[in-house]
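User: I would like to learn how to read the features of a structure, one at a time. Please show me the general idea and then the case at hand.

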Amino acid sequence: MVKKILVSQPKPTSEKSPYFDIANRFGIELVFRPFIKVEGISAKEFRTQKVSILDYTAIVFTSRHAIDHFFKMAKELRVTIPEDMKYFCVTETIALYIQKYVQYRKRKVFFGETGRIDDLVPTMVKHKTEKYLVPMSDVHNDSLSLLLDSKKLQHKECVMYKTVSNDFTPEEVETFDYDMLIFFSPAGIESLSKNFPDFKQDKIAIATFGPTTAKAAKEAGLRLDIEAPSEKYPSMTSALQHFLIEQQD
(Lines give C-alpha, C1' and ligand atoms only; values in the text may rest on other atoms or scores of the structure.)
Protein backbone atom coordinates (compact mmCIF):
# COMPACT_ATOMS: atom_id res chain seq x y z
CA MET A 1 0.00 0.00 0.00
CA VAL A 2 1.41 3.39 -1.00
CA LYS A 3 1.45 5.74 1.99
CA LYS A 4 4.60 7.84 1.50
CA ILE A 5 5.68 9.26 -1.88
CA LEU A 6 8.87 11.10 -2.83
CA VAL A 7 8.28 13.59 -5.67
CA SER A 8 11.63 14.57 -7.21
CA GLN A 9 10.61 18.21 -7.78
CA PRO A 10 10.56 21.37 -5.66
CA LYS A 11 7.45 21.78 -3.50
CA PRO A 12 4.66 23.57 -5.44
CA THR A 13 4.32 27.22 -4.47
CA SER A 14 0.53 27.22 -4.96
CA GLU A 15 -1.75 25.64 -2.39
CA LYS A 16 -4.01 24.74 -5.32
CA SER A 17 -1.56 22.17 -6.67
CA PRO A 18 -3.30 18.86 -7.52
CA TYR A 19 -0.61 17.09 -5.47
CA PHE A 20 -2.09 18.51 -2.25
CA ASP A 21 -5.59 17.40 -3.29
CA ILE A 22 -4.26 13.87 -3.85
CA ALA A 23 -2.52 13.84 -0.44
CA ASN A 24 -5.75 14.86 1.30
CA ARG A 25 -8.00 12.54 -0.69
CA PHE A 26 -5.92 9.41 -0.20
CA GLY A 27 -4.36 10.23 3.17
CA ILE A 28 -0.80 9.90 1.92
CA GLU A 29 2.39 11.78 2.79
CA LEU A 30 4.10 13.62 -0.06
CA VAL A 31 7.75 14.65 0.26
CA PHE A 32 9.13 17.04 -2.38
CA ARG A 33 12.86 16.52 -2.77
CA PRO A 34 14.66 17.21 -6.09
CA PHE A 35 17.23 14.58 -7.09
CA ILE A 36 18.94 17.13 -9.36
CA LYS A 37 19.89 20.80 -9.20
CA VAL A 38 21.03 23.40 -11.69
CA GLU A 39 24.43 25.11 -11.50
CA GLY A 40 25.90 27.79 -13.73
CA ILE A 41 29.06 27.10 -15.71
CA SER A 42 32.12 29.31 -15.27
CA ALA A 43 33.03 32.17 -17.61
CA LYS A 44 36.10 30.14 -18.58
CA GLU A 45 33.90 27.18 -19.61
CA PHE A 46 31.58 29.49 -21.52
CA ARG A 47 34.45 31.08 -23.47
CA THR A 48 35.44 27.69 -24.88
CA GLN A 49 32.17 27.78 -26.89
CA LYS A 50 33.43 30.90 -28.72
CA VAL A 51 30.09 32.71 -28.39
CA SER A 52 29.95 36.49 -28.14
CA ILE A 53 26.64 37.59 -26.58
CA LEU A 54 26.76 40.98 -28.31
CA ASP A 55 26.80 39.32 -31.74
CA TYR A 56 23.11 38.54 -31.19
CA THR A 57 20.04 40.77 -31.28
CA ALA A 58 17.53 38.47 -29.58
CA ILE A 59 17.64 35.90 -26.75
CA VAL A 60 15.34 32.88 -26.54
CA PHE A 61 14.44 31.80 -22.99
CA THR A 62 12.89 28.39 -22.33
CA SER A 63 13.05 28.58 -18.51
CA ARG A 64 13.73 30.85 -15.57
CA HIS A 65 17.00 28.98 -15.05
CA ALA A 66 18.06 30.18 -18.51
CA ILE A 67 17.28 33.81 -17.56
CA ASP A 68 19.16 33.61 -14.26
CA HIS A 69 22.28 32.11 -15.81
CA PHE A 70 22.24 34.33 -18.91
CA PHE A 71 22.31 37.54 -16.86
CA LYS A 72 24.77 36.04 -14.37
CA MET A 73 27.11 35.14 -17.24
CA ALA A 74 26.76 38.61 -18.82
CA LYS A 75 27.71 40.17 -15.48
CA GLU A 76 30.67 37.81 -15.07
CA LEU A 77 31.89 38.64 -18.58
CA ARG A 78 31.26 42.37 -17.93
CA VAL A 79 28.94 42.53 -20.94
CA THR A 80 26.35 45.32 -20.91
CA ILE A 81 23.16 44.06 -22.55
CA PRO A 82 21.95 46.66 -25.09
CA GLU A 83 18.65 48.47 -24.50
CA ASP A 84 17.26 47.23 -27.81
CA MET A 85 17.91 43.52 -27.13
CA LYS A 86 14.76 41.47 -27.80
CA TYR A 87 13.59 38.55 -25.67
CA PHE A 88 11.48 35.60 -26.83
CA CYS A 89 10.07 33.41 -24.03
CA VAL A 90 8.05 30.20 -24.16
CA THR A 91 5.50 31.47 -21.59
CA GLU A 92 4.31 34.76 -20.16
CA THR A 93 5.45 33.69 -16.67
CA ILE A 94 9.02 33.31 -17.95
CA ALA A 95 8.73 36.64 -19.80
CA LEU A 96 7.64 38.43 -16.61
CA TYR A 97 10.60 36.92 -14.74
CA ILE A 98 12.94 39.05 -16.90
CA GLN A 99 11.87 42.00 -14.70
CA LYS A 100 14.20 40.62 -12.06
CA TYR A 101 17.10 41.81 -14.23
CA VAL A 102 15.90 44.55 -16.57
CA GLN A 103 13.13 47.15 -16.77
CA TYR A 104 10.41 45.29 -18.59
CA ARG A 105 8.78 48.29 -20.25
CA LYS A 106 12.01 49.31 -21.97
CA ARG A 107 12.49 45.96 -23.60
CA LYS A 108 10.86 44.17 -26.46
CA VAL A 109 9.53 40.97 -24.96
CA PHE A 110 7.53 38.30 -26.81
CA PHE A 111 6.06 35.09 -25.40
CA GLY A 112 4.15 31.99 -26.41
CA GLU A 113 0.89 30.75 -24.96
CA THR A 114 1.44 27.05 -24.33
CA GLY A 115 5.02 26.62 -23.09
CA ARG A 116 5.99 24.72 -26.24
CA ILE A 117 8.76 26.18 -28.39
CA ASP A 118 6.77 25.26 -31.53
CA ASP A 119 4.16 27.87 -30.55
CA LEU A 120 6.78 30.59 -30.09
CA VAL A 121 8.47 29.99 -33.46
CA PRO A 122 5.78 31.74 -35.62
CA THR A 123 6.47 34.94 -33.62
CA MET A 124 10.20 34.48 -34.16
CA VAL A 125 9.63 34.03 -37.90
CA LYS A 126 7.93 37.45 -37.96
CA HIS A 127 11.30 38.79 -36.78
CA LYS A 128 13.41 36.77 -39.22
CA THR A 129 16.17 39.38 -39.44
CA GLU A 130 17.09 38.85 -35.77
CA LYS A 131 20.10 36.79 -34.74
CA TYR A 132 18.88 34.48 -31.99
CA LEU A 133 20.95 33.19 -29.07
CA VAL A 134 19.49 30.29 -27.05
CA PRO A 135 20.99 29.69 -23.57
CA MET A 136 20.58 26.00 -22.67
CA SER A 137 21.40 23.31 -20.15
CA ASP A 138 24.15 20.79 -20.84
CA VAL A 139 21.31 18.22 -21.01
CA HIS A 140 19.51 18.91 -24.29
CA ASN A 141 18.92 17.45 -27.72
CA ASP A 142 19.03 18.94 -31.23
CA SER A 143 15.26 19.30 -31.71
CA LEU A 144 15.21 23.07 -31.08
CA SER A 145 18.17 23.70 -33.37
CA LEU A 146 16.60 21.60 -36.15
CA LEU A 147 13.28 23.43 -35.75
CA LEU A 148 14.91 26.85 -36.09
CA ASP A 149 16.95 25.60 -39.06
CA SER A 150 13.74 24.47 -40.78
CA LYS A 151 12.39 28.04 -40.48
CA LYS A 152 15.67 29.47 -41.85
CA LEU A 153 16.25 31.55 -38.71
CA GLN A 154 19.76 32.71 -37.73
CA HIS A 155 20.47 31.11 -34.37
CA LYS A 156 23.09 29.71 -32.03
CA GLU A 157 22.61 27.47 -29.01
CA CYS A 158 25.03 27.72 -26.10
CA VAL A 159 25.36 25.96 -22.75
CA MET A 160 25.12 28.34 -19.77
CA TYR A 161 24.16 25.95 -16.97
CA LYS A 162 24.34 22.27 -16.12
CA THR A 163 22.23 19.70 -14.34
CA VAL A 164 24.02 17.91 -11.50
CA SER A 165 23.03 15.39 -8.82
CA ASN A 166 21.50 16.96 -5.71
CA ASP A 167 23.29 14.63 -3.31
CA PHE A 168 21.52 13.14 -0.31
CA THR A 169 22.95 13.62 3.18
CA PRO A 170 23.85 10.51 5.26
CA GLU A 171 20.75 11.23 7.39
CA GLU A 172 18.54 11.30 4.29
CA VAL A 173 20.00 8.02 3.09
CA GLU A 174 19.40 6.48 6.53
CA THR A 175 15.73 7.53 6.61
CA PHE A 176 14.93 6.72 2.96
CA ASP A 177 11.66 4.83 3.44
CA TYR A 178 9.29 5.62 0.57
CA ASP A 179 6.59 3.49 -1.03
CA MET A 180 6.84 5.34 -4.34
CA LEU A 181 9.40 7.51 -6.19
CA ILE A 182 8.38 9.92 -8.96
CA PHE A 183 10.96 11.01 -11.56
CA PHE A 184 10.81 13.69 -14.26
CA SER A 185 14.18 13.40 -16.03
CA PRO A 186 16.91 10.86 -16.90
CA ALA A 187 19.25 12.89 -14.68
CA GLY A 188 16.99 12.07 -11.70
CA ILE A 189 17.38 8.35 -12.42
CA GLU A 190 21.18 8.81 -12.61
CA SER A 191 21.10 10.62 -9.27
CA LEU A 192 19.20 7.71 -7.69
CA SER A 193 21.92 5.31 -8.86
CA LYS A 194 24.65 7.64 -7.60
CA ASN A 195 23.13 8.27 -4.17
CA PHE A 196 21.87 4.73 -3.65
CA PRO A 197 24.27 2.38 -5.48
CA ASP A 198 22.74 -0.65 -3.69
CA PHE A 199 19.14 0.43 -4.33
CA LYS A 200 16.72 -2.50 -4.44
CA GLN A 201 13.26 -1.68 -5.74
CA ASP A 202 11.31 -4.61 -4.23
CA LYS A 203 7.79 -3.25 -3.53
CA ILE A 204 8.69 0.42 -4.15
CA ALA A 205 6.55 1.80 -6.98
CA ILE A 206 8.31 3.94 -9.62
CA ALA A 207 6.59 6.62 -11.70
CA THR A 208 8.22 8.47 -14.60
CA PHE A 209 7.19 11.44 -16.71
CA GLY A 210 8.28 11.62 -20.34
CA PRO A 211 9.62 8.91 -22.68
CA THR A 212 13.31 9.66 -22.06
CA THR A 213 12.84 9.32 -18.29
CA ALA A 214 10.99 6.02 -18.74
CA LYS A 215 13.75 4.74 -21.02
CA ALA A 216 16.47 5.69 -18.49
CA ALA A 217 14.55 3.95 -15.69
CA LYS A 218 14.14 0.73 -17.69
CA GLU A 219 17.82 0.79 -18.67
CA ALA A 220 18.65 1.12 -14.96
CA GLY A 221 16.71 -2.10 -14.38
CA LEU A 222 13.74 -0.46 -12.64
CA ARG A 223 10.15 -1.70 -12.84
CA LEU A 224 7.77 1.07 -13.92
CA ASP A 225 4.37 1.23 -12.26
CA ILE A 226 3.33 4.56 -13.82
CA GLU A 227 4.39 5.99 -17.19
CA ALA A 228 3.04 9.44 -17.96
CA PRO A 229 1.93 11.24 -20.01
CA SER A 230 -0.51 8.99 -21.83
CA GLU A 231 -3.52 9.75 -23.98
CA LYS A 232 -5.82 9.08 -21.03
CA TYR A 233 -3.64 10.68 -18.35
CA PRO A 234 -1.75 13.72 -19.72
CA SER A 235 -0.25 14.79 -16.38
CA MET A 236 1.66 13.01 -13.63
CA THR A 237 -1.01 13.93 -11.07
CA SER A 238 -3.86 12.44 -13.15
CA ALA A 239 -1.85 9.23 -13.69
CA LEU A 240 -0.96 9.07 -9.98
CA GLN A 241 -4.59 9.55 -8.96
CA HIS A 242 -5.69 6.71 -11.26
CA PHE A 243 -2.98 4.44 -9.81
CA LEU A 244 -4.05 5.16 -6.22
CA ILE A 245 -7.73 4.56 -7.02
CA GLU A 246 -6.87 1.20 -8.59
CA GLN A 247 -4.80 0.32 -5.55
CA GLN A 248 -7.79 0.85 -3.28
CA ASP A 249 -9.95 -1.66 -5.20
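User: Is lysine 218 buried, partly exposed or exposed?

Analyst: Start with the cut-offs: buried is under 20% relative accessible area, exposed is over 50%, and partly exposed is in between, using a 1.4 Å probe and protein chains only. Lysine 218 is partly exposed, at a relative accessible area of 48%. Two notes on the source. This is a predicted model, where local features need pLDDT of at least 70, side-chain atom pairs count only at pLDDT 80 or more, and totals for chains, interfaces and linings use all residues. Residues are numbered from 1 along each chain as its sequence is written, and side-chain values use heavy atoms, with hydrogens and water left out.

User: Which residue forms a salt bridge with lysine 218?

Analyst: A salt bridge is a side-chain nitrogen of Lys or Arg within 4 Å of a carboxyl oxygen of Asp or Glu. Here the partner is glutamate 227, with the closest N and O atoms 3.2 Å apart. Glutamate 227 is partly exposed, at 44% relative accessibility.

User: How many salt bridges does a search of the whole structure find?

Analyst: The search finds 11. One of them joins the side chains of aspartate 177 and lysine 4, at 2.8 Å from N to O. Aspartate 177 sits in the loop between helix 7 (170-174) and strand 9 (180-183), and lysine 4 is in strand 1 (residues 4-7), so this pair ties together parts 173 residues apart in sequence. Helices (H or I, at least four residues) and strands (E, at least two) are DSSP runs, numbered from the N terminus.

User: Are aspartate 177 and lysine 4 buried or partly exposed?

Analyst: Take each end in turn. Aspartate 177 is partly exposed, with a relative accessible area of 47%. Lysine 4 counts as buried, at 18%.

User: What about aspartate 225: which residue does its side chain meet in a salt bridge?

Analyst: The partner is arginine 223, at 3.5 Å from N to O. Aspartate 225 is partly exposed, with a relative accessible area of 31%. Arginine 223 is partly exposed too, at 38%.

User: Which residues are linked in a network of salt bridges?

Analyst: Arg116, Asp118 and Asp119 are linked that way.

User: How do I read a pair of packed helices?

Analyst: Two packed helices are described by the angle between their axes and the distance between the axes. The axes are lines fitted to C-alpha atoms, for helices over the stretch in contact, and angles run from 0 to 180 degrees between N-to-C directions. Helix 5 (residues 117-125) and helix 6 (residues 143-150) pack at about 30°, with their axes 11 Å apart. Helix 5 and helix 6 are therefore roughly parallel. The cut-offs are under 35 degrees for roughly parallel, over 145 for roughly antiparallel, 65 to 115 for roughly perpendicular, and oblique for the rest.

User: Is the crossing of helix 5 and helix 6 left-handed or right-handed?

Analyst: A crossing is left-handed if the near helix is turned anticlockwise from the far one by less than a right angle, and right-handed if clockwise. Helix 5 passes helix 6 in a right-handed crossing.

User: Which residues make the contact of helix 5 with helix 6?

Analyst: Contact means heavy atoms within 4.5 Å. Helix 5 brings Ile117, Asp118, Val121 and Met124, while helix 6 brings Leu144, Leu147 and Leu148. By class, the residues of this contact are six nonpolar, no polar and one charged. Ala, Val, Leu, Ile, Met, Phe, Trp, Tyr, Cys and Pro count as nonpolar, Asp, Glu, Lys and Arg as charged, and the others, Gly among them, as polar.

User: At what angle do helix 1 and helix 10 pack?

Analyst: Helix 1 (residues 18-26) and helix 10 (residues 236-248) pack at about 10°, with their axes 10 Å apart. That makes helix 1 roughly parallel to helix 10. In helix 1, Pro18, Tyr19, Ile22, Arg25 and Phe26 take part, meeting residues of helix 10 that include Leu240, Leu244 and Ile245. This contact has eight nonpolar, three polar and one charged residues.

User: Where is isoleucine 41 found?

Analyst: Isoleucine 41 is in the loop between strand 3 (36-40) and helix 2 (43-47). Its relative accessible area is 7%, so isoleucine 41 is buried. Leaving aside neighbours within four places in sequence, its contacts include Phe46, Met73, Val159 and Lys162. The C-alpha atoms of isoleucine 41 and lysine 162 are separated by 6.8 Å, and these residues are 121 apart along the chain.
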